[in-house]
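The following note sets out some remarks on the structure shown below. The points may be read against the sequence and the coordinates.

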Amino acid sequence: MSQTITIDPVTRLEGHGKITIQLNGQGEVEDAHFHVTQVRGFEKFSEGRPYYEMPGLMARICGICPVSHLIASAKACEAIMSVRIPPTAALLRRMLNLAQMVQSHALSFFYLASPDLLLGMEFDPKLRNILGVAAAKPELGRAGVALRRFGQHIIELLGSKRVHPGWVVPGGVTEPLSGAKRDEILTILPEAYANIGLALAAYKQIADRFQPEIDVFANFPSNFMALVNEDGSIEFNTGALRLIDAQGAIIEDGITASQYAEAIGEAVEPYSYTKFAYYKPLGYPQGSYRVGPLARLNIAKSMGTPRAEKELVEFKQLASGPVLSSFHYHHARLVEILYGIEKIEDILNDPGILDKQVRATAGVNRLEGAGQAEAPRGVLHHHYKVDENGKMLWANLVIATGQNNKAMNQGVLQAARHYVKDGKFTEGILNRVEAVVRAFDPCLSCSSHAFGQMPLAISLLSSNGDVIDRVVRS
Amino acid sequence: MSVEADVKTLIIDEQEVSARAGQTILQVARENDIYIPTLCHLDGLSDVGACRLCLIEIKGGNKLVPACVATVQEGMEVSTDTERLRKHRRTILELLFAERNHICSVCVSNGHCELQTLAQEQGVTHVRFPYRNPNLPVDASHERFTADHNRCILCTRCVRVCAEIEGAHVWDVMGRGINSMIITDLHEDWGASSCTRCGKCVQVCPTGALFDKSKIGSDHPKYPDFLPYLNLMREAQ
């Protein structure tokens with residue numbers, strides 16, 4: 001008799017999702033899916049709104065990474081306005097984006113992933129949480145809370161609010177940085193360096209113990225995509241996209257925001273409200289790729305900051321080509337936190353950082369615009385069309401989680417096939433299947449922003465798996 | 001008529017006050033530091049009694065009257081802050097929120113909005129009526145300003161300031177009841193209307209319905225205090 005195991009909801013993720021694992025008559029895993037079960041509708045209800053409201057509206061997609069949406073949205077608006085923002089505004093936005101990356105990665109690593117990593121996949125589920133970590137490893141629990149606070153505090157200092165700061169606007173930012181705020185951020189840097197040092201050392205000590213998980217946590221050849229500078233160094237705000245294959249060879253380089261829609265398509269699967277992004281010339285699903293910390297470190301030739309550079313060299317030794325196991329997303333996240341802190345220090349020491357000219361103004365000069373940036377979870381793309389008065393006619397957002405969607409599904413299937421044997425499973429085994437998804441740190445709230453295009457199929461199956469009835473809405 | 005005959009004595013909230021004949025109860029209350037909430041009233045403009053937030057009770061009558069248009073009478077006893085009035089004011093505010101689409105978090109007036117401030121002050125913690133969620137247009141045709149009808153509460157301050165102070169009478173109201181909308185000229189786009197681009201309507205709008213195009217986020221305090229001074233200076237001439 002066939003059987004379906006459902007993990008609902010998948011815990012320690014941002015947003016709501018579930019996993020279903022289908023077993024055949026022999027108790028072997030037939031198929032497995034990761035479902036995103038919510039609809040948000042942001043693309044649809046932004047229609048008719050003035051384009052300059054978009055950053056503020058789109059930031060509400062997510063309370064973890066509102067800054068990424070603010071930045072990608074503001075860049076799309078600036079393409080509509082045809083303006084180049086003042087250099088100081090660009091630096092300040094870069095700092096804001098990095099501060100968010102640090103706090104978001106700290107959330108992912110310490111609050112969501114570290115219970116599995118530090119306490120163990122089989123640990124008592126009641127205690128397998130951040131409080132359990134704080135009790136067992138107080139210094140690491142404190143480091144996690146402090147790193148999150150570090151990022152959030154910078155966001156608050158710059159944008160006067162921790163969540164949804166209204167400071168990023170089309171054309172730049174609303175206020176320049178004051179000397180007092182710069183000095184305050186400089187004083188909290190040493191503690192942040194100490195905390196990330198602690199976390200990296202602790203992670204490297206335990207990583208070897210997880211070799212069985214490393215082998216099956218979405219560990220397969222795939223393409224990777226991320227922003228890079230022309231010199232191949234890591235980039236979060238500007239630059240262009242580079243797509244590489246599983247051997248590290250460049251498939252396409254220099255994809256700008258305006259070329260994105262030509263290169264990337266979005267496929268729809270009936271079991272999820274999140275779309276599946278793919279590289280059009282390769283088609284779906286062959287053109288699927290991974291984004292985020294793992295993709296960024298696989299693609300980047302250098303970090304451009306000394307301490308993170310050393311860590312990148314060490315990270316690249318994990319494999320001869322691109323690092324393929326998604327378990328290593330955790331490691332990549334810690335390297336990026338270190339990079340973020342170093343880069344924030346660089347930016348604060350820039351002689352022009354206190355410049356008062358931080359905003360450019362213009363009206364509607366083009367009827368279409370696109371913007372892209374690296375969110376903590378990977379490439380984020382906003383694409384807008386407006387009428388001559390600047391009212392939104394159409395919006396399309398491609399979110400990191402949608403770009404990782406195929407890999408997450410493949411990863412869930414890979415882990416389920418490995419762990420579920422003879423129809424038998426334990427809580428610890430199901431936690432490992434969830435942990436595959438957690439490694440990607442998906443943001444389901446961000447990813448299910450479309451509305452009205454989702455075909456939905458419901459199948460009614462008999463106990464021997466025969467389809468009795470099927471309803472398809474398209 | 002003697003000067004004495006013009007003075008009326010009345011009681012507001014158990015406080016004996018004196019007033020000139022023809023003054024509104026709202027004017028007298030404010031002169032005596034007695035607070036009555038208002039929304040459509042604005043110093044410097046005529047009163048229309050549209051919002052009903054300034055309703056008060058007068059002893060001896062069961063009817064509630066708007067303080068902004070009711071004039072003082074000798075010996076009247078006025079209550080401005082009873083449980084019945086507070087309940088009505090909360091209900092009026094909830095109905096205003098339910099009628100159109102007021103999303104404070106993404107509104108230009110967040111933090112400077114008179115509707116939001118009143119709701120907080122009157123203890124509105126939630127809206128008990130189903131939201132109507134109308135699909136109303138945004139008029140972004142004007143070079144400098146935007147009109148978002150989703151945030152309009154039909155207080156008609158813009159209509160009055162445009163007609164009475166600017167003398168242009170570009171704004172007016174069309175339709176009846178729940179279908180009422182403010183319009184420019186004969187329902188043309190604001191950008192194509194006879195608007196003088198003075199911006200007074202934007203400054204007096206109590207919500208984020210009329211706003212400056214360059215303002216984004218909660219970056220839009222308004223300064224309607226200019227009106228009494230403007231009137232004073234004009235009268236002096």
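Two strands are taken to pair if DSSP finds at least two bridges between them. The model discussed here is a predicted one.

1. Strand S3 (residues 55–58) of chain B and S4(B) are joined by three bridges and run antiparallel.

2. S3(B) and S4(B) belong to an open sheet of five strands in chain B, ordered S2-S1-S5-S3-S4, with mixed pairing. Its edges are formed by strand S2 (15–20) and strand S4 (64–66) of chain B, each of which pairs on one side only. From one strand to the next, the twist averages 40 degrees. Helix H2 (residues 83–99) of chain B packs on this sheet and touches S3 and S4 of chain B. The direction of H2(B) makes about 160 degrees with that of S3(B).

3. Six bridges connect strand S1 (residues 7–12) of chain B with S2(B), and the sense is antiparallel. Here B:Glu16 in S2(B) stands opposite B:Ile11. The hairpin of S1(B) and S2(B) has two residues between the strands, and B:Asp13 takes a positive phi near 50 degrees in it.

4. **Chain B as a whole.** Six helices and ten strands are assigned in chain B. Its radius of gyration is 19 Å, close to the 18 Å from the globule rule for 237 residues, so chain B is as compact as a globular protein of that length. The C-alpha trace of chain B spans about 55 × 50 × 30 Å along its principal axes. Buried residues account for 37% of the 237 residues of chain B. Of the contacts in chain B with a separation of 6 or more, 64% are between residues 24 or more positions apart.

5. **Chain A as a whole.** Chain A has 16 helices and 16 strands. Its radius of gyration is 22 Å, which agrees with the value near 23 Å that a compact globule of 474 residues would have. Taken along the principal axes, the box filled by the C-alpha atoms of chain A is roughly 70 × 50 × 40 Å. In chain A, 53% of the 474 residues are buried. Residues at least 24 apart in sequence make up 71% of the chain A contacts between residues at least 6 apart.

6. **The nonpolar core.** Which residues have the most contacts inside the largest nonpolar core? They are A:Ala226, A:Val412, A:Ala416 and B:Cys158, in a core of 197 residues. Helix H4 (residues 87–119) of chain A supplies the largest share of this core, 15 residues. Leaving aside residues up to four places away in sequence, A:Ala416 touches A:Ile21, A:Val29, A:Ala32 and A:Val433.

7. **The contact between the chains.** How many residues does each chain bring to the contact? Chain A contributes 15 residues and chain B twelve residues. On the side of chain B that touches chain A, five residues are nonpolar, six are polar and one is charged.

Key: Residues numbered from 1 in each chain as written. Chains lettered and ligands numbered in written order. Predicted model: local features only at pLDDT ≥ 70, side-chain atom pairs only at ≥ 80, totals over all residues. Helix = DSSP H or I, 4+ residues; strand = E, 2+ residues; numbered from the N terminus. Rg over C-alpha atoms; globule rule 2.2 N^0.38 Å. Buried ≥ 20, exposed ≤ 12 C-beta atoms within 10 Å, placed from the backbone. Contact = placed C-beta atoms within 7 Å. Axes fitted to C-alpha atoms, helices over the stretch in contact; angles between N-to-C directions. Nonpolar A, V, L, I, M, F, W, Y, C, P; charged D, E, K, R; others polar. Core = buried A, V, L, I, M, F, W, Y, C linked by C-beta atoms within 7 Å.
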